[in-house]
Amino acid sequence: MLVGYARVSTQDQDARLQRVALEGAGCERVFEETASGAQRERPELAAALSYMREGDQLVVWKLDRLARSIRQLIETVEDLEARDIGFRSLTENIDTTSPGGRLVFHLFAALAEFERGLIRERTMAGLASARAQGRTGGRPRSVTDKDLVAIKALLANEQITVAEAANRVGISAATLYRYLPGGRSAETGSAGGRTRSIKAS
């Protein structure tokens, strides 16, 4: 069974031309959707994929109606292939049930892997460059060693609450507790109720 999928980007567009082409190609059922190319959630596409069974073929008017990137296109078609479902694009004249169509998608898959390799290479080069300049990857600490010294000095004064100490160094009380899990008691060593009664806000 041939199952068509048509997509337009905005409510102002009309999927009629795509539907006519898909029906003309022999599609017995056509799923239509209004969604931008960048939108990952596509209920009608999900419905079409769920509707199809082994031996069916998904048909689109053009490749960019199905996916927003080569990688996403390859992933979708590989999923169809794993379920023994074919894929056909009318404009590009691609049919994965034919030897020529399969060759095209092998080339697409090679290009997608090449792109991933380039991204990995650029990422590793960037990290190496950052390390050479004394920088490391990851998010910078919100509390510096200097801040910790200031916080401990503030908490030595029992008139200053944890929340006030945190506010004076420009962080939240929750962030302070991440760096000093015991709060004031971690610095004073006190386990009594007096330290536990200090307000956190």
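The chain has 9 helices and 5 strands, where helices (H or I, at least four residues) and strands (E, at least two) are DSSP runs numbered from the N terminus. Read along the sequence, these elements follow the pattern β-α-β-α-β-α-β-β-α-α-α-α-α-α. The model is predicted: local features need pLDDT of at least 70, side-chain atom pairs count only at pLDDT 80 or more, and totals for chains, interfaces and linings use all residues. Residues are numbered from 1 along each chain as its sequence is written, and side-chain values use heavy atoms, with hydrogens and water left out.

**The chain as a whole**

- Of the 201 residues of the chain, 33% count as buried; buried means under 20% relative accessible area, exposed means over 50%, and partly exposed lies in between (1.4 Å probe, protein chains only).
- The chain exposes about 12400 Å², of which carbon and sulfur atoms supply 52%; accessible areas come from the Shrake-Rupley method with a 1.4 Å probe, and for residues only the protein chains shown count as cover.
- Among contacts with a separation of 6 or more, 63% are accounted for by residues 24 or more positions apart, a contact being heavy atoms within 4.5 Å.

**Salt bridges**

- The count comes to 2 salt bridges, each defined as a side-chain nitrogen of Lys or Arg within 4 Å of a carboxyl oxygen of Asp or Glu.
- One of them joins the side chains of E32 and R19, at 2.7 Å from N to O.
- E32 lies in strand β2 (residues 29-34) and R19 in helix α1 (residues 16-24), so this pair ties together parts that are 13 residues apart in sequence.
- E32 is partly exposed, with a relative accessible area of 32%, and R19 is partly exposed, at 25%.
- R65 forms a salt bridge with D64, in which the closest N and O atoms are 3.0 Å apart.
- R65 counts as buried, at 13% relative accessibility, whereas D64 is partly exposed, at 33%.

**The surroundings of V8**

- V8 belongs to strand β1 (residues 2-8) and is buried, with a relative accessible area of 5%.
- Leaving aside neighbours within four places in sequence, V8 is in contact with Q13, D14, A15, Q18, E33, T34, A35 and R65.
- The C-alpha atoms of V8 and Q18 are 9.1 Å apart in space, and the two residues are 10 residues apart in sequence.

**The surroundings of T96**

- T96 is placed in the loop between β5 (94-95) and α4 (99-132), and it counts as buried at 14% relative accessibility.
- Not counting residues up to four places away in sequence, T96 touches V77, G86, F87, G101, R102 and F105.
- T96 and Q57 are 39 residues apart along the chain, and their C-alpha atoms are separated by 9.2 Å.

**A charged surface patch**

- E54, E75, E78, E81 and D84 form a negative surface patch.
- Patches are made of residues with over 30% relative accessible area and no salt bridge; like charges are joined within 9 Å, and nonpolar side chains (Val, Leu, Ile, Met, Phe, Trp, Tyr) within 5 Å.
- Lys and Arg count as positive and Asp and Glu as negative, while His and the chain ends are not counted; the place of a charge is taken as NZ of Lys, CZ of Arg, CG of Asp or CD of Glu.
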